[in-house]
Amino acid sequence: MENISYKKLTENNFNDSSLDGFVRHQEVKECRRRINGEWRLMPMEFTEDWDSTVLREKAAEVMDFIGGKGFAYGAFSDDKIVGFITVSRSFFGSRRQYAELVMFQVSEPYRGQGIGRRLFGLACEEARSIGAERLYISAHSSKESQAAYHKLGCTEAEEINKEIAENEPFDVQMEYKL
């Protein structure tokens with residue numbers, strides 16, 4: 001594995017072109033769906049692929065977190081970002097126990113190297129330090145994404161944030177106890 005460094009993202013190390021060259025590509029074959037109260041893997045074939053316009057939009061969203069909406073961490077290979085994670089500073093839930101993990105991506109050529117696990121750990125540490133008890137995740141329902149979240153120890157959310165769930169109706173609402 002090449003040398004990867006991890007940094008809290010700031011205006012000094014992230015800008016609107018930082019995701020140029022980032023590869024958000026995923027060939028999806030199966031997704032989790034709740035059928036008659038049970039989760040099942042269903043055949044659903046499509047490709048997730050971010051073009052340069054989407055990458056710039058995502059970079060702007062990350063910059064919103066850096067600017068105070070929350071916090072963000074990045075994984076870098078040399079000066080190129082190869083993974084990132086963002087968490088909101090807003091709390092919700094019956095006890096205001098949740099902070100939302102909003103974005104969590106590792107560039108396709110860098111997957112399977114532990115980069116996501118390290119980014120997730122950094123986000124968990126900071127979420128704990130700002131008073132969150134749990135991370136709330138509206139997780140992509142693909143078989144691979146679900147496997148990654150389960151491997152990190154995430155479970156089905158005990159409380160569902162209706163607004164978040166309605167925004168992405170095919171996502172699986174998950175949480176991670178900090």
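Tutor: Happy to! From the N terminus on, the elements of the protein chain follow the order β-β-β-α-β-β-β-α-β-α-β-α-β. That gives four helices and nine strands, in what is a predicted model. For 178 residues, a compact globule would have a radius of gyration near 16 Å, and the chain agrees because its own value is 16 Å. Of those 178 residues, 46% count as buried. Among contacts between residues at least 6 apart in sequence, 64% join residues at least 24 apart.

Now to helix H2, which covers residues 115-129. Its 15 residues reach 22 Å from the first C-alpha to the last, close to the 21 Å expected at 1.5 Å a residue. The buried residues of H2 are Ile115, Gly116, Leu119, Phe120, Leu122, Ala123, Cys124, Glu126 and Ala127. As you read that list against the model, recall that an α-helix has 3.6 residues a turn, so residues three or four places apart point the same way.

What lies over these buried positions? The cover includes strands from several stretches of the sequence: S1 (4-8), S4 (70-77), S5 (80-92), S6 (98-106), S7 (134-139) and S9 (172-177).

Technical notes. Residues numbered from 1 in each chain as written. Predicted model: local features only at pLDDT ≥ 70, side-chain atom pairs only at ≥ 80, totals over all residues. Heavy atoms only, no water. Helix = DSSP H or I, 4+ residues; strand = E, 2+ residues; numbered from the N terminus. Expected span 1.5 Å × (residues − 1). Buried < 20%, exposed > 50% of the residue type's maximum accessible area, 1.4 Å probe, protein only. Contact = heavy atoms within 4.5 Å. Rg over C-alpha atoms; globule rule 2.2 N^0.38 Å.
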